[in-house]
Structures are given as C-alpha cells and as structure tokens.
Amino acid sequence: MKDKLFLIKIVTAFRNRGDLLINKSLIQNLRRYGSVRVVETGIPDDFLNGLELATDEISTSLFRDMRKGVFRKSVYFVGIPGHHFGGSEKLASSIGGLAKTVVMRSMLNIRFIKVGTSIGPITPSLATIEKYKSYFYDLYGVRDTQSLAECTPSRMQYFPDLAFLSEDLRRVASLDRDERARNNDDAYVFVSFRSEIHKLVDSPGYFQKVKEKLSNWLRLGNAKKVIVGFQVDSDRHACGELYEHLCSTNNIDIQLIDSTLSLEQSIDLIAAAETVISNRLHVLLPALILGVPHCCLTDPSLHTKIAALYSDIGAESCIHDVKSEAELELPRQEVSAQLKSIAKEQYEKGVTAFNEALRPVTNT
C-alpha cells in the first residue's frame, strides 16, 4: 500500500481561535494516517505558529507537492473544516470546484476528504453541487444532521466537530478538575459572546435579550465573579458592550480581558471556570469536552448550527432560549461526568470514521 500524503490549503477566518482549534485538530489526527503538508502562503504567522507544524510539514506550493507525490503516494486533498454557507454569488466558484474535483479524482487518482463542517443556509444549487462532490470523496463528514438533510441524498455522513478530537483539549480534560483550578483563588463564570447569530440571519433585538438574561441571572446572586473575554477579534465590541452592561450589577466582580485570547489562554480560562456562558460554538464545545458546566444562551430557532449539533449529541439541555420567559438556569457541577461521557462518545465516532476511510499507519 502506498504511503498517504495529505495536502492542505487553509482558507479560513484566521483571527478566529475556534478555527485554529479545529484546523490544528484536523492536522493532529491526520498524522496517524500519513504525512501532512500545509501550504504556508496566505497564513498569518501567529496562525501558522499555532498549528505547531514540523519543518517538513510546511509547503510553499500545493501543486508542486501533488506532482512530486502523485506517482509515489496516495495523495489526498483535504477540505477545510468550518461552516459552509452562501448564495448565488458562490455558484460559479462552486461549479469550478466540482469540475476540478471530478477531473483530479478521475484522471489523476487524487483522493479527497472533508470533515468537521456544517452546511447552511445554502441555496438549492449549491447544495446540489455539494451532493455531487461527495460522491468523489473518500470521506465527507458533516457535524450535524441538519447539514445532512440540506444535502440528501448524498455520500455525506455524520462526523463530529473536530474539537472533540483535539489533542490539546483531551490532554487538559485528562487532568482532575480540582487540579486545573488549583491556582485560582476565586471561582468565576467565563462569558464570551458575539452580538449576532450569523451575518446571514436577521436577529433584531437578540443581543439585548442576551444582556438582559445575563444581568437578571447575576442579580439573583448566582455568581460573585465574572470574566468576559473573546477569542475572535470581531467580538471585541460586543464583549465590551456586555461588560459595561454587567458592571451595573451590584456586589459582583466583573473583569474584561480587552485583547483577543490566544487558543491556549482560551482553553485555560474555560478549563478553570466554574461555569461558561456563550453563543460561540468553540467556546461551548471546549467547555463540554473539559466537563465544565455551561450554557448556550441564544435563539435556537435562528441559531440552527448550534441547536442542531447540541441536539445530535444529546446535550440540548445546555441550551437556553433567550426568548423564554423562564429565568436562566445553569447546569450544576454534577453534570461534569455526563459532559465528559458525551465528549468520549463523539471522539470515538470520529476516530472510527477516520479509521474506516483511511486506515491508520502501522509500525512494522
């Protein structure tokens, strides 16, 4: 059997630490099946450094590596994880992408995989293109059943969000929760929010409801200390606005970290928190994986990406609808074992899907 060579060209929101987390996790896992080459062109230095690549894993030309490897190795083009959405403006490029996939798979025997993505909102034409594209993929995995429904029938299959397979998160999760929080004098709630659900979704009044829910919850004496932070540059204004709003709550220590958190800082803050409240997927999922009680405070009827994913994994109780008249309630510490059990199950599903599609490298 030929060695496998995985070629990756990352095009993503480089300032989003959640995107760093899932791309890094993807690379960590692909190493079990072959060699990885990531094209450095266009990737900011801090993102590239955050991937923690070996020198021989950095490439200057995707197609040069493809030409060198195509007759000696099984070459795979790797799709980028994240959220796939769009309208008619993406139709031409999507058709071109499908044509390239067909030609490269049929004529050059280049293989394709893509995992850890969600789909929608998307036009029927773009959905049809993704359906056809999946038939040329060895593995096309989406992270929620709603995405599957957008592109049925196809060869897509369920594949957990790549956060569940992150070696960084699994390493921290292996530590005892008391050990992780040992150096913290005070228990705190970590809060991180974006002001909108998605730029394609109209959600007027949404963020005001978020602020009201949080401040009412704090006035009931549910926390003594709150740390507000953000891992996406574009969330700075929203988190600053939320901080100002919460500062009016009496007898509570409210702190704002007014700079974008690194991936390591974000994981450390979440790991040591008593509770996490957010509407960012890659703030919430690390909390789940680390066994930290958390709440997704959002409008699930509009924030369908998170609502569908949490429903699929059996964690829908962690979602609180901002439109609800009920007071905000957060899970107790006793749910930690349940959350870790969910994370373990999702990890095993991801590894099984990878193994079936790629077969791990064995030492002889």
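Mentor: First a term: helices here are DSSP runs of H or I with at least four residues, numbered from the N terminus. With that, Leu48 sits in helix H2, residues 45-50. Keep in mind that this is a predicted model.

Trainee: Is Leu48 buried or exposed?

Mentor: Leu48 is buried, because its relative accessible area is 12% and the cut-off for buried is under 20%.

Trainee: What does Leu48 touch?

Mentor: Leaving out residues up to four places away in sequence, Leu48 touches Glu40, Ile43 and Leu53.

Trainee: Switching to H12 and H13. At what angle do they pack?

Mentor: Helix H12 (residues 281-289) and helix H13 (residues 304-312) pack at about 20 degrees, and their axes are 11 Å apart. Angles under 35 degrees count as roughly parallel, so H12 is roughly parallel to H13.

Trainee: Left-handed or right-handed crossing?

Mentor: H12 passes H13 in a right-handed crossing.

Trainee: Which residues make the contact?

Mentor: H12 contributes Leu281, Leu284, Leu285 and Leu288, while H13 contributes Lys305, Ile306, Leu309 and Tyr310. By type, the contact has seven nonpolar residues, one charged residue and no polar ones.

Trainee: Which residues of H13 are buried?

Mentor: Ile306, Ala307, Ala308, Leu309 and Tyr310 of H13 are buried. The elements covering them include helix H6 (145-150), H12, strand E13 (294-298) and strand E14 (319-321).

Trainee: Last one, Gln231. Where is it?

Mentor: Gln231 is in the loop between strand E10 (225-228) and helix H10 (236-246).

Trainee: Buried or exposed, then, for Gln231?

Mentor: Gln231 is buried, with a relative accessible area of 4%.

Trainee: With which side chain does the side chain of Gln231 make a polar contact?

Mentor: With that of Ser266, at 2.7 Å.

Trainee: What else does Gln231 touch?

Mentor: Not counting residues up to four places away in sequence, Gln231 touches Arg15, Asn16, Arg17, Gly18, Thr260, Leu261, His282 and Val283, as well as Ser266.

Key: Residues are numbered from 1 along each chain as its sequence is written. This is a predicted model: local features need pLDDT of at least 70, side-chain atom pairs count only at pLDDT 80 or more; totals for chains, interfaces and linings use all residues. Side-chain values use heavy atoms; hydrogens and water are left out. Axes are lines fitted to C-alpha atoms, for helices over the stretch in contact, and angles run from 0 to 180 degrees between N-to-C directions. Helices (H or I, at least four residues) and strands (E, at least two) are DSSP runs, numbered from the N terminus. Angles under 35 degrees count as roughly parallel, over 145 as roughly antiparallel, 65 to 115 as roughly perpendicular and the rest as oblique. A crossing is left-handed if the near helix is turned anticlockwise from the far one by less than a right angle, and right-handed if clockwise. Contact means heavy atoms within 4.5 Å. Ala, Val, Leu, Ile, Met, Phe, Trp, Tyr, Cys and Pro count as nonpolar, Asp, Glu, Lys and Arg as charged, and the others, Gly among them, as polar. Buried means under 20% relative accessible area, exposed over 50%, partly exposed in between (1.4 Å probe, protein chains only). A polar contact is a pair of N or O atoms within 3.5 Å; within protein, one must be able to donate a hydrogen and the other to accept it, and residues adjacent in sequence count only if both atoms are side-chain atoms.
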